[in-house]
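Visitor: I'm new to reading protein structures. Could you walk me through one, feature by feature?

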Amino acid sequence: MNITEFAVRNQIITYFTVALLVVAGLYGFFSLGQLEDPAFTVKTAVIVTPYPGASAVEVEQEVTDRIEGALQEMPELDALHSLSRAGSSLIKVEIKPEYWSDSLPQVWDKLRRKVNDIQGDLPDGVAPSQVSDDFGDVFGLLLGVVGYGYSYHELEHHTKQLQKEMSLVEGVARVDIWGIQDAAVFIDVTETQLAKLGVAGPTIKSILEKQNLVVDAGHVEVGSQRYNIHPSGAFRSPADIGDLLIPGQNEGSDSDSFIHIRDIGTIREGYTDPPNNLMRLNGQPGLVLAISNVSGTNVVDMGQRVSQRLDELQSNLPVGIELERIHWQSDIVDDAVNSFLINFAEAVIIVLVVLTIAMGWKMAVIIGTALTLTILSTFLAMAVFGIDLHRMSLGALIIALGMMVDNAIVVAESYVVRVKDGEEKEQAAITSATRPSMSLLGATVIAIMAFYPIFASTEAAGEYCRSLFIVVAISLLASWFVSLTITPLQCIHMLDLPTTSDQQESRWLRGFREILEKTLHLRWLTVGSTIVLLIIALIAFGNVKQIFFPDSSMTKFMVDYWAPESTRIQQTADSIQNIEKHLLDDARIKDVAAFIGQGSPRFYLPVDPESPYSSYGQLIVNVQSLDVIDDVVKELDHWLAKNVPEALTRVRKYSVGPGQTWKFEARFLGPSKANPAVLRDLAQQGLDILRTSPLAKEVSTDWRQPTLQVVPVYSQLKGRNAGISRDDLANVTKRVYDGVVVGTYRNDDDELPIIWRDSIAEREASSLDTLQIQPPNQAYTVPLGQVTDDIDTEWTDPLIWRYNRHRAITVRATPDDTTTVELRASVIDAFNDIELPPGYSLRWFGEHKSTVDSQASLIPGVVPALAIIVFILVALFNAMRPMLLIVTIIPFVMIGVSIGLLSTNAAFGFVSLLGVMSLAGMMIKNSVVLVDQINIEKAAGKSEYQAIVDGTVSRLRPVFLAAATTVLGVLPLLSDVFWQGLAISIMAGLSFGTLLTMLLLPVFYSIYFRVQSNH
């Protein structure tokens, strides 16, 4: 007994199972998590190693190169990107795509061991390396905290209270504060006062360090009691530091030889200068709470709980402390999912309306029931497998919607024909489902396997889209099962059909029969003209806009600001204020958040945060509505070009899916010790090419501009005579200009460094040669000018980038009102003409590399998918020619795709490619059913020619309905820029593909099987 017979013979069990399925499906739907986009693993770790005092070249050769050498031994390693700059090394480690989130923890542990093992080989003075494997953590909620009239210290206090409360909310994983200014106690001294009082710097440092140490003075026993001994003298306020006694000019036991710290300088509390980063919200200094969710938590529910707790806390905050949502992922996800659900509901309604018009309301109810049960089964399976509601899973349901009804249509149509031919209802129901069950299963599996390459891809784009395959597979297999069980049973109960063999062909079927016979008669003309159309379509396809992933529909955009390299962060902050003011004066702008010194926390997975640069600032701009964002971006772009000529500015919208910081990147690679001048010369040639191109803007290199450095020319002879070493000279310049930490001041639970440096009046470069240097163990001082031959300046490369241990410089640009493909095509010949010295090479990165890698990653999945598809085709017909016949039809679908994309000016990207792949599956599925029907007609005793004609005509309505439901089902996706290219590809491709299936396939069948026309 097969499943159809069991379902029909055991109706109570069948209907009870349906009821359980409905309840379970609804429960599964309401238990699904919600995301705007599917998560994908950021397979990148960051290693930061401080090396204070070292130049960029010293950092590169002594730190970066040694760590990279150790990492190179890891078989999991895919690529190394490193940035060496004065004082620090930053290495980004990319792991091979095949290592996903389940295996990454072991890879990161191995990475840490490699880094720890190399620490002993690093030079003295190198601080321990910090390995961060949370580079891909997403802080979906960004809350700005502004305190009008409050100091940073007070604002930080209230923000930390909020941080503690937010960390207690269910579903919150991590809460960070961005923009905190490090507090410190400063001792601002004057060189003349130090020299006058004969104060020795090393002595001050030693006394300050020891004075405030936590000391263990032991215990004393008095009778039966034991008491702690706790000496006084620890600093309780900055004033205590000023009261500290230090040896004066004449050291000895006489108290008159001691002076107070306050006698040599001013003691004050403040913040480290320069700051590491700064944050402003709508022009006001502020802080940001960055909140991430526990993996697997429903983001919408977590965001609502956070919002509720913030509302409770808001009333307890003092007047002047205001909270502003910079990014609230839960609201965005909720809106996005609701929008998708509306699109999905619209698609379901469209399909049902089409079925009702074409087949009547009873047939529509039967097929609509099968569709509903299929969808509920899919929701249940998604809940079991942990697939959330997001852009890809809901999009997959809409794409599969038309294919979900195919099987039910075939079964229901077959039932109608059999009953009208006089077959008993129950037997007709069983036979109509059983007889085509294997061909329907084969066609269903073929349609599923068309999506398999997405699932098999190991690239980020494949991981982002892999739920498309899973959801399509679940839904189509569920539709096959439902059509073999529920649909026959409903046909018995709902369709009351007259028994008659006199079935007169409708007018439009007779018209189609005439057209079909004409094409069969003119078969070679039909084939030839179609081939010509295909060639024209493929040539015209070169004019279709090519993209990787489209822009997001978020109501926000970014502004990147790059001042000349080495610009002080305070100057960067001041300059950005003009842009903030211009934006805030625009009524279309909701709010502006400025992150100065480095990029914002990662609140959107596809966007990598920018590394720290004092010359860099980023604005996150929220607009009032999506309708105005394109106009605002365009106008701002022109305004920046006109009003901010001193900096490189870039306005960019957020992208969907795995994105690139720079879409156009051409990278020149040299040897490990390549001459920077040669690399810069190659890059300059690339810059010149791009600057003359009308398609490129925001042209730059990642090495930025060379900067000046001050070089006191130390004289060994003069230094030896004065008893002053190069280290003594460096210590004095460091103390005077940057300050040195000479102790610690404890303020409650905070430890504030005590920084000793010269007053601001004396921190002028012009006074460098008059700085006083005290030889070790001596009371006198010597001017810096007496131990140097000169004070020079020289140009240096502040940043040294490497790729896979090669020195590399990247030329970057943004396409100007065009696509990356068109920009690259316009300049590629000029770039290839650049003469490269031996050992140097040019490689393309950015969006081009991502596209190539993502498309190449589909190939390993294409091979098994094709093997399975071909095997099923051969197995279904137990012959080779039907398989070859069906495969021959597939390329012609590009005629419709090309016409559709060109006529709508839509772009073809990675998601559109997936649509074309799905079209292949749909075409094969329809072709299988048609060839199977022709074989059935032949088995009934008809001539081969008549079997082709009758079989094709009999399959016209179900194939047309399947195509119509699919084409019209994806109609709601046209309003979504992410799905637009895919929707157009499917609509145009399947519309033309259906015509091919019903006309060209019979022609090819007659050619492959050498069938002669009756004409």
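**Getting our bearings**

Guide: Take the contacts between residues at least 6 apart in sequence: in this protein, 81% of them join residues at least 24 apart. Keep in mind that we're looking at a predicted model.

Visitor: How many helices and strands are there in the protein?

Guide: You'll find 32 helices and 30 strands. The C-alpha trace spans about 130 × 80 × 55 Å along its principal axes.

Visitor: And what percentage of the residues is buried?

Guide: Buried residues are those under 20% relative accessible area. Here they make up 54% of the 1015 residues.

**Helices that cross**

Visitor: How do I read two helices packing together, say H18 and H30?

Guide: Start with the axes and the angle. Helix H18 covers residues 507–521 and helix H30 covers 944–954; their axes come within 10 Å and cross at roughly 140°. That angle is why H18 counts as oblique to H30. The crossing of H18 over H30 is right-handed.

Visitor: Which residues of H18 and H30 make the contact?

Guide: From H18, they are Leu509, Phe512, Arg513, Leu516, Glu517 and Leu520; from H30, they are Tyr945, Gln946, Ile948, Val949, Asp950, Thr952 and Val953. Sort them by class and you get 8 nonpolar, 2 polar and 3 charged residues.

Visitor: Can we try another pair? What is the angle between H5 and H9?

Guide: About 140°, with the axes of helix H5 (residues 152–167) and helix H9 (residues 299–314) lying 10 Å apart. So H5 is oblique to H9. Here, too, the handedness can be read off: H5 passes H9 in a right-handed crossing. Leu162, Glu165 and Met166 of H5 meet Val306, Arg309, Leu310 and Leu313 of H9. By class, that contact has 5 nonpolar, no polar and 2 charged residues.

**Strands and a sheet**

Visitor: Now strands. What is the order of strands in the open sheet of 4?

Guide: The order is E12-E7-E24-E23, and the pairing is mixed. Strand E12 (265–271) and strand E23 (740–747) are the edge strands, each pairing on one side only. From one strand to the next, the twist averages 25°.

Visitor: Do E23 and E24 run parallel or antiparallel?

Guide: Antiparallel, with 7 bridges joining E23 to strand E24 (residues 750–758).

Visitor: How many residues of strand E19 are buried?

Guide: In E19 (residues 648–653), 5 of the 6 residues are buried, so the strand is largely enclosed by the rest of the structure. E19 is joined by 6 bridges to strand E16 (residues 556–562), and the two run antiparallel. Val559, for example, has Val651 in E19 as its bridge partner.

**Single residues**

Visitor: What about one residue? Is Ile800 buried or exposed?

Guide: Check its relative accessibility. Ile800 comes in at 1%, so it counts as buried. Ile800 belongs to strand E28 (residues 799–803). Leaving aside residues up to four places away in sequence, Ile800 touches Ala56, Val57, Glu60, Ser82, Leu83, Ser84, Trp703 and Arg807.

Visitor: Where is Arg805 found?

Guide: In the loop between E28 and strand E29 (806–815). Arg805 has a positive phi too, about 75°, although it is not a glycine. Its relative accessible area is 23%, so Arg805 is partly exposed.

Note on methods:
Residues numbered from 1 in each chain as written. Predicted model: local features only at pLDDT ≥ 70, side-chain atom pairs only at ≥ 80, totals over all residues. Heavy atoms only, no water. Axes fitted to C-alpha atoms, helices over the stretch in contact; angles between N-to-C directions. Parallel < 35°, antiparallel > 145°, perpendicular 65-115°, else oblique. Left-handed = near helix turned anticlockwise from the far one by under 90°. Contact = heavy atoms within 4.5 Å. Nonpolar A, V, L, I, M, F, W, Y, C, P; charged D, E, K, R; others polar. Buried < 20%, exposed > 50% of the residue type's maximum accessible area, 1.4 Å probe, protein only. Pairing = 2+ DSSP bridges.
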